[in-house]
Amino acid sequence: MSIAANKKYTPAYKALLEAYANQGEFAEARVLTFELISRLGEKSEYLHRLCEYYFSDGFLKESRAYCQKAVSRDPKFADSHVILGMTYKEEEKKDRYQLVLKTAAKQFPKSELAQFKAGEMSEDLKDVTSANKYYKQATVADAESIRSWIKLGVTGVALKKYEDALSAFVKACAYDRSRAMDPFRTALGELRKYGINNWYEKYDTAIQKCKYDAQKTTTKRVKEFKKPQYVEEPIQPLTPDPAPTPAPTPAPTVAPAPVDPAVVPTEPPTGT
C-alpha cells in the first residue's frame with residue numbers, strides 16, 4: 001500500500017530515512033526522500049534532508065541548491081543554514097562561508113551545530129578569542145557536547161584561561177575519556193613547556209582522576225559534517241525505466257527455386 005493511499009505509514013518511512021542517514025547510506029536516503037516527495041509533495045522537511053544528504057556525499061552544487069531552497073521556505077531550521085555555509089567553504093568562497101556561519105550563529109544561539117561550526121570558522125581565521133566564545137555558547141546549547149567541551153578547553157589554554165579550560169576538559173572527560181584524554185595531555189604538556197607549574201599540578205591531578213572516574217552516559221548524537229567524501233555522480237530521483245526498444249524482425253529467408261534439369265540449356269554438339 002502506497003504512502004499516498006495510507007499516510008499512517010509515513011512515520012515508518014521517516015524512521016527508515018534516519019536509519020539510512022545514521023549508517024551513512026545517503027544515496028539510499030536520497031532515493032527514499034524523492035519517493036516521499038513524489039507521494040506527499042515537496043515539503044520543507046524533505047528539502048532540509050536533501051540539503052544534508054547531498055552534502056554528506058560531496059555533491060556541493062546539489063546540496064547548495066536544496067539548502068537555499070530549504071532556508072528560503074523554512075528559515076527556522078539551523079542545520080540547513082550551517083550546511084549552506086559549509087558548501088561555500090568547500091568551494092573556497094570564504095566571504096560567503098564566513099557571512100553565512102556568523103549569521104547562523106547569531107540567529108541560532110541554541111544550536112550546538114551553528115555555534116560549533118562558527119567556532120571552527122573562527123579558528124580557521126586565527127581568531128581564537130571568538131572561537132572560544134562560540135565554543136562556550138555551544139556547551140550552553142548542549143551541555144553533553146563532548147567536542148564543544150574539548151574545543152573550549154583547547155582554546156581556553158591558548159588564551160591562558162586555565163581555570164575555565166580545566167573545567168572544560170574535566171567535563172569532556174566525564175563523558176568520554178577516550179576522546180578527551182589526548183587534548184587534555186597536550187594541554188598538560190604546554191603548561192610544563194612554559195613552566196606554569198601551579199596549573200600543571202592541577203591539570204595532572206585532574207588527568208589522573210579522569211582515568212578512573214565513572215563515565216556519564218549520553219544518548220545525544222551530534223552531526224559532524226566534516227569534509228565530505230566525493231563519489232562519482234548523484235543518484236537521481238526515481239523515474240520509470242524506458243521501455244526496451246524491440247529488436248527488428250529479420251526478413252524471412254527465401255530458398256532458391258529448384259532447377260528443372262529438363263530446361264537447363266546444354267551446349268550444342270561440336271561438329272567433327
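This is a predicted model: local features need pLDDT of at least 70, side-chain atom pairs count only at pLDDT 80 or more; totals for chains, interfaces and linings use all residues.
The charged end of K202 sits over the ring of W199, 4.3 Å from the ring's centre.

Are W199 and Y203 buried or exposed? Each of the two is buried. Now look at how their rings face each other: the planes meet at 90 degrees and the centres are 6.4 Å apart, so this pair is edge-to-face.

Next, bring in F169, which forms an aromatic pair with Y203. This one is edge-to-face too, with 6.5 Å from centre to centre and 70 degrees between the planes. F169 is buried, as is Y203. Why does this pair tie together separate parts of the sequence? F169 lies in helix α10 (residues 162-175) and Y203 in helix α12 (residues 197-210), so the pair links parts that are 34 residues apart in sequence.

Together with F169, W199 and Y203, they form one aromatic cluster. Across the structure there are 10 aromatic pairs.

Now move to F116. Here the charged end of R147 sits over the ring, 4.2 Å from its centre.

For the last stop, select Y66 and V82. These residues have the most contacts inside the largest nonpolar core, which has 36 residues. Helices α1 (10-22) and α7 (112-124) are among those that each supply at least two residues of this core. Apart from this core lies another, of 27 residues, and its members include F116, I150, A187 and W199. Finally, zoom in on Y66: beyond its neighbours within four places in sequence, Y66 is in contact with F34, L47, L50, C51 and Y54.

Definitions and conventions:
Residues are numbered from 1 along each chain as its sequence is written. Side-chain values use heavy atoms; hydrogens and water are left out. A nonpolar core is a set of buried Ala, Val, Leu, Ile, Met, Phe, Trp, Tyr and Cys residues joined through side-chain atoms within 4.5 Å. Buried means under 20% relative accessible area, exposed over 50%, partly exposed in between (1.4 Å probe, protein chains only). Helices (H or I, at least four residues) and strands (E, at least two) are DSSP runs, numbered from the N terminus. Contact means heavy atoms within 4.5 Å. Rings of Phe, Tyr and Trp (its six-membered ring) pair if their centres lie within 6.5 Å; planes under 30 degrees apart count as stacked, over 60 as edge-to-face and the rest as tilted. A charge sits over a ring if NZ of Lys or CZ of Arg is within 6 Å of the ring centre and within 35 degrees of the ring normal.
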